[in-house]
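Hello,

Please find the structure below. My notes on it follow.

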2 protein chains.
Amino acid sequence: MSKPGTKPVASGHHKRFVREIPDGDDRSRLVCGDCGFIQYENPVVVVGSVATWEDRILLCRRAIPPRKGFWTLPAGYLELHESAAEGALREAWEEARARLEIEQLLAVYSIPRLSQIQLIFRAHLLSADVAAGPETAELSLFTWDDIPWDEIAFPSVHWALGHFQEMRGQTGFAPRSNPPGEFGELAAEIE
Amino acid sequence: MSKPGTKPVASGHHKRFVREIPDGDDRSRLVCGDCGFIQYENPVVVVGSVATWEDRILLCRRAIPPRKGFWTLPAGYLELHESAAEGALREAWEEARARLEIEQLLAVYSIPRLSQIQLIFRAHLLSADVAAGPETAELSLFTWDDIPWDEIAFPSVHWALGHFQEMRGQTGFAPRSNPPGEFGELAAEIE
């Protein structure tokens, strides 16, 4: 779903930066040892969709790490100057050449380990004419029973699919959030 | 390392950064002219609350720019490794020494000009014992009719108050989003 490998935020910083608490602040920040510039590290926003054609759900098999070869929703990092909905539509196009109509916000997930906020929409495809984008190895429209549950890329994809199913046929509902006690930790073998 | 024709970035960034499109990317990024480090610029997440005590709404008069002296909701930037709800609770404490219980997500606003996603919760105060934090000049619990409408800090505060009023007494609703055609532009006189 998200691509933490492609967009370093909390790590992979400029080599001149040192970590210290600036005057008047109460948290450790990255400060340039040369010029004093403070590099604030912010959480990132992931936008995506559970997108359907009739009763089938669009999933994409990842062509890139992390979790290459596993199935995910069309989703990715929100870019600058985008609305959340615009970002979700762009990601569906980039990853699946899919044109969507957004129905409503399905879920807001917080992944504190990755400092991610995920905004996942429920949407429907305007056409079944989809095709793999550069970060997608293949894609498919799955009926619920055919979803490859053992090859799902991330915990939040499981959550979103489950919440989609829970809310199927309902409208005007409050968006779902993390299942109780779950924070998107990956099992050790897939870190 | 920097390509001919790239311009040093004037302000708000590390002074060694230049703006260019990295190999394999399709957008302009900030790249360190010394070491090639790519400084991705990401949208930011604002978390906040319309928080009530009985039928009164908590507003804070800003002690700092922008819009110093104007009234706002307890809200601010999500920090690393926080959930959205944790961030909203922290901001209520920092700005108003308020302890809240979150009821549900009231609204998700996109402010493309500022690359902001705002997650605004509906919440209630666990006690009327509130006090101004360092970024707050004063605060008050306003009845709807007493809200200082002419001294509201930001368009999204207007939206959130209006959406709170619209949804008063309702539960399990889909969160509101930007009013049609509104993107959080400030009028010229308050830019």
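Across the interface of chain A and chain B, 10 residue pairs are in polar contact, both residues being at pLDDT 80 or more; a polar contact is a pair of N or O atoms within 3.5 Å, where within protein one must be able to donate a hydrogen and the other to accept it, and residues adjacent in sequence count only if both atoms are side-chain atoms. β2 (29–32), β4 (44–53), α1 (84–96), β8 (100–111) and β9 (116–125) of chain A each supply at least two residues of the side that touches chain B, with helices (H or I, at least four residues) and strands (E, at least two) taken as DSSP runs numbered from the N terminus. β8(A) gives the most, four residues.

This is a predicted model: local features need pLDDT of at least 70, side-chain atom pairs count only at pLDDT 80 or more, and totals for chains, interfaces and linings use all residues. Residues are numbered from 1 along each chain as its sequence is written, chains are lettered from A and ligands numbered from 1 in the order in which they are written, and side-chain values use heavy atoms, with hydrogens and water left out.

Two salt bridges are counted between chain A and chain B (a side-chain nitrogen of Lys or Arg within 4 Å of a carboxyl oxygen of Asp or Glu). E79(A) forms one with R29(B), the closest N and O atoms being 3.3 Å apart.

In contact (heavy atoms within 4.5 Å) are 43 residues of chain A and 40 residues of chain B.

The model scores ipTM 0.83 and pTM 0.85.

Regards
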